[in-house]
Protein chains: 2
Amino acid sequence: MKIVCSKANLAKGVSTVSKAVPSKTTMPILECVLIDATLDVIKLTANDMELGIQTEVEGEIIEHGMIAIDARIFSEIVRKLPDNDVVIETDENLQATITCEKANFNISCKPGDEFSYLPIIEKDTTISISQYTLKEVIRQTIFSIADNESNKVMTGELFEINQNTLRVVSLDGHRISIRKLELKEEYDHKKIIVPGKTLIEISKILSGEADKEVCIYFTENHIVFEFDRTVVVSRLIEGEYFRIDQMLSSDYETKVRINKKELLNCIDRATLLIKEGDKKPIIINIGDEIMELKIKSQLGSMNEEIFITKEGKDLLIGFNPKFLIDALRVIDDEEVELYLMNAKAPCFIKDETESYIYLILPVNFNSI
Amino acid sequence: MKIVCSKANLAKGVSTVSKAVPSKTTMPILECVLIDATLDVIKLTANDMELGIQTEVEGEIIEHGMIAIDARIFSEIVRKLPDNDVVIETDENLQATITCEKANFNISCKPGDEFSYLPIIEKDTTISISQYTLKEVIRQTIFSIADNESNKVMTGELFEINQNTLRVVSLDGHRISIRKLELKEEYDHKKIIVPGKTLIEISKILSGEADKEVCIYFTENHIVFEFDRTVVVSRLIEGEYFRIDQMLSSDYETKVRINKKELLNCIDRATLLIKEGDKKPIIINIGDEIMELKIKSQLGSMNEEIFITKEGKDLLIGFNPKFLIDALRVIDDEEVELYLMNAKAPCFIKDETESYIYLILPVNFNSI
């Protein structure tokens with residue numbers, strides 16, 4: 001194999017596919033990137049068997065062939081090469097020579113046919129959304145997946161299509177995050193669970209431009225994202241997702257309208273007094289026009305008041321401050337509305353059209 | 001005590017003195033910042049007994065007094081307060097109340113008189129250099145102090161004054177870094193050893209502006225830096241510094257003139273093939289007009305050629321690539337000159353006036 005690509009194109013391609021290289025594996029071939037120039041385009045592929053990424057790199061094929069090269073060392077070499085044309089040439093002993101200007105690297109490789117190809121997916125239903133929208137919706141929900149593996153379903157996000165809406169849901173047992181998007185067309189009802197890891201990696205690759213589209217296909221076991229000459233294929237998580245509609249309620253006894261930034265900054269300051277792993281709640285005292293926030297720990301105490309608009313009853317309620325911070329950080333509105341029932345019932349932060357709903361369970365506290 | 005300062009002034013002051021707060025200590029009082037408003041300026045002080053920093057903060061003293069407050073929590077609180085006036089008030093129970101807008105923190109403190117004051121230094125000889133120059137000279141030498149404590153002298157830098165020059169030297173047994181500065185006046189001969197830690201911390205505080213001065217005083221056991229209403233006092237390292245002049249030589253058999261950036265980038269790329277802790281040398285083959293650099297490891301091999309201007313003999317020599325990188329990174333010249341004797345003798349990188357000299361010992365290698 002002999003190919004020539006610009007350093008910039010190669011670096012971008014390697015960086016894209018490297019997201020699917022596992023950090024730990026017992027199968028050395030998975031630590032490689034496949035350079036495939038057997039046909040008339042240069043393709044790079046990485047695949048950890050759960051998540052596979054393939055991208056095309058512009059360049060010239062002088063001699064067809066393919067090779068699997070250690071992803072870490074290859075990406076580091078490419079990144080540090082001068083900004084010029086890079087020639088990659090392999091010989092029959094699986095030695096790759098990478099040449100750029102007067103720099104010359106020699107690396108041992110593995111045969112390309114040991115590499116496991118991406119599964120071939122039949123493209124059935126396709127939904128198309130902008131890169132910006134997909135990247136945003138991941139950012140706005142990914143923080144509330146569970147990171148333990150004890151309940152696999154919780155480590156993924158529900159993607160649910162209903163006519164012309166896509167609903168994305170994550171939950172971890174203490175809170176639920178829901179975002180609703182409008183699609184351009186109507187589709188059959190469909191529910192799938194996408195691994196959180198896939199979404200985290202894909203959101204790193206997405207350029208996030210509003211005028212670039214991502215095409216999404218589903219099959220029984222896989223989801224495929226296509227954009228920018230890149231294909232991301234991921235296994236889905238098997239199983240039934242939680243029935244979240246039963247957990248949502250539109251009843252409330254107290255409704256609070258508050259400046260989002262003031263609330264976020266105040267909770268952020270309060271968490272200074274909590275050491276890592278310490279489970280001190282922030283106590284919120286909702287009165288007429290004033291919400292008082294209090295926290296107390298071994299380090300000291302803090303209290304602060306924020307002006308609010310309130311409907312309904314007064315309420316004293318405690319929360320894990322991190323859960324409030326996570327939700328408030330991803331809401332772009334200047335003002336938010338909190339809907340509360342009592343000190344034992346969840347708090348809902350949502351907008352009028354329910355384009356977002358953040359449900360947070362309260363915690364017990366000793367009055368301070 | 002009751003004082004009022006702007007959040008910005010307070011944050012800057014706390015950040016400055018925090019550099020002298022030890023990360024680990026058995027004396028809890030050393031983890032504190034002293035807020036001293038007993039006289040008519042507000043002073044913050046931190047002191048780990050080796051290094052002490054005091055700075056003045058603009059503000060209003062409403063009630064005189066002083067208090068020692070936990071440095072970490074105080075600096076975090078100040079940093080996250082709204083951008084407005086901050087009131088710090090203490091009561092007879094050593095409780096400090098920090099108020100800013102509607103935020104209100106309550107922190108337990110320690111009595112100020114438990115705090116160990118900075119030593120009082122008689123200001124004898126004073127040398128004055130610009131903040132920029134001091135910051136630069138530290139950056140250009142600090143990387144070659146030794147980080148182990150087995151030879152205390154090596155963990156510091158020699159500051160040697162001779163008439164109107166200041167020579168700053170560091171060495172770690174494999175290399176020596178020397179920078180020479182011209183002073184505005186002539187002084188008596190003086191040699192002191194300044195702890196590396198002091199220099200690292202002071203270079204973080206220095207704004208680095210060329211038109212702001214630092215005044216430096218010495219005593220038998222201390223060095224004092226004064227700038228921007230801040231005083232830094234450090235103990236000196238006791239002992240005799242190495243006689244470095246005996247290690248310097250101006251003889252050479254080979255002299256190479258080379259583009260600094262090309263050489264640095266090439267060595268930088270070569271180190272990709274070396275894993276952390278692996279002691280592979282880079283082999284340099286100096287011929288007429290061409291210098292060839294080679295490295296070989298389990299991961300693969302790399303070679304590259306760079307155009308040079310050479311005087312004298314050809315030479316094949318090996319170096320620890322990190323030592324070359326460290327020296328080249330802090331030389332601002334576009335081209336550098338290397339002076340070599342043979343494969344066992346040190347390499348000197350220096351300019352004509354010897355405003356800098358970097359000595360690097362070669363390493364043995366098996367020809368590859």
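I count a residue as buried under 20% relative accessible area, exposed over 50% and partly exposed in between, with a 1.4 Å probe and protein chains only. Helices (H or I, at least four residues) and strands (E, at least two) are DSSP runs, which I number from the N terminus.

**Entry: ground rules**

I am working on a predicted model, where local features need pLDDT of at least 70 and side-chain atom pairs count only at pLDDT 80 or more, while totals for chains, interfaces and linings use all residues. Residues are numbered from 1 along each chain as its sequence is written, chains are lettered from A and ligands numbered from 1 in the order in which they are written, and side-chain values use heavy atoms, with hydrogens and water left out.

**Entry: strand S22 of chain B**

I began with strand S22(B), residues 335-340. Five of its six residues are buried, so the rest of the structure largely encloses this strand. For its neighbours I used the rule that two strands pair if DSSP finds at least two bridges between them. I found S22(B) antiparallel to strand S17 (residues 254-259) of chain B, with six bridges. In that pairing, Arg257(B) has Glu337(B) as its bridge partner. S22(B) also runs antiparallel to strand S23 (residues 347-350) of chain B, this time with two bridges. Here Leu338(B) is partnered by Ile349(B). S22(B) and S23(B) make a hairpin, and six residues lie between them.

**Entry: the nine-stranded sheets**

Next I traced a sheet in chain A. It is open, has nine strands in the order S10-S6-S2-S3-S4-S16-S15-S14-S11, and pairs antiparallel. Its edges are strand S10 (110-111) and strand S11 (126-130) of chain A, each pairing on one side only. Inside chain A, I followed strand S3 (residues 42-47) to strand S4 (residues 51-57), which are antiparallel and joined by six bridges. Lys43(A) has its bridge partner, Glu56(A), in S4(A).

Then I turned to chain B. Its open sheet of nine strands has the order S10-S6-S2-S3-S4-S16-S15-S14-S11, with antiparallel pairing. Strands S10 (110-111) and S11 (126-130) of chain B are the edges, each pairing on one side only. Phe218(B) sits opposite Ile223(B) of S15(B).

Which residues of H4(A) are buried? I listed Gly196(A), Thr198(A), Leu199(A), Glu201(A), Ile202(A), Ser203(A) and Ile205(A). That is seven of the ten residues of this helix (residues 196-205), so H4(A) is largely enclosed by the rest of the structure.

In helix H2 (residues 71-80) of chain A, the buried residues are Ala71(A), Ile73(A), Phe74(A), Ile77(A) and Val78(A). They pack against several elements of chain A, among them helix H1 (7-18) and strand S2 (32-36). At the start of H2(A), I found a side-chain oxygen of Asp70(A) within 3.3 Å of the backbone nitrogen of Arg72(A).

Ser75(B) is partly exposed, at a relative accessible area of 22%. Contact here means heavy atoms within 4.5 Å. Leaving out residues up to four places away in sequence, Ser75(B) touches Val14(B) and Ser18(B). Lys12(B) is 63 residues from Ser75(B) in sequence, and their C-alpha atoms are 9.5 Å apart.

**Entry: where the chains meet**

I finished at the interface, where 27 residues of chain B contact 27 residues of chain A. The buried area is about 2500 Å², with carbon and sulfur atoms giving 57%; this is the accessible area (1.4 Å probe) that two parts lose on being put together, summed over both. On the chain B side, Lys80(B), Lys102(B) and Leu272(B) lose the most area to chain A, together 27% of what that side buries.

How many salt bridges are there between chain B and chain A? I counted two, taking a side-chain nitrogen of Lys or Arg within 4 Å of a carboxyl oxygen of Asp or Glu. In a salt bridge, Lys80(A) meets Asp268(B) at 3.2 Å, N to O.

Strand S9 (residues 103-108) of chain A also runs antiparallel to S20(B), joined by five bridges. There, Asn106(A) is opposite Ser301(B) of S20(B).

Conventions
Polar contact = N/O pair within 3.5 Å; in protein donor to acceptor, adjacent residues only side chain to side chain.
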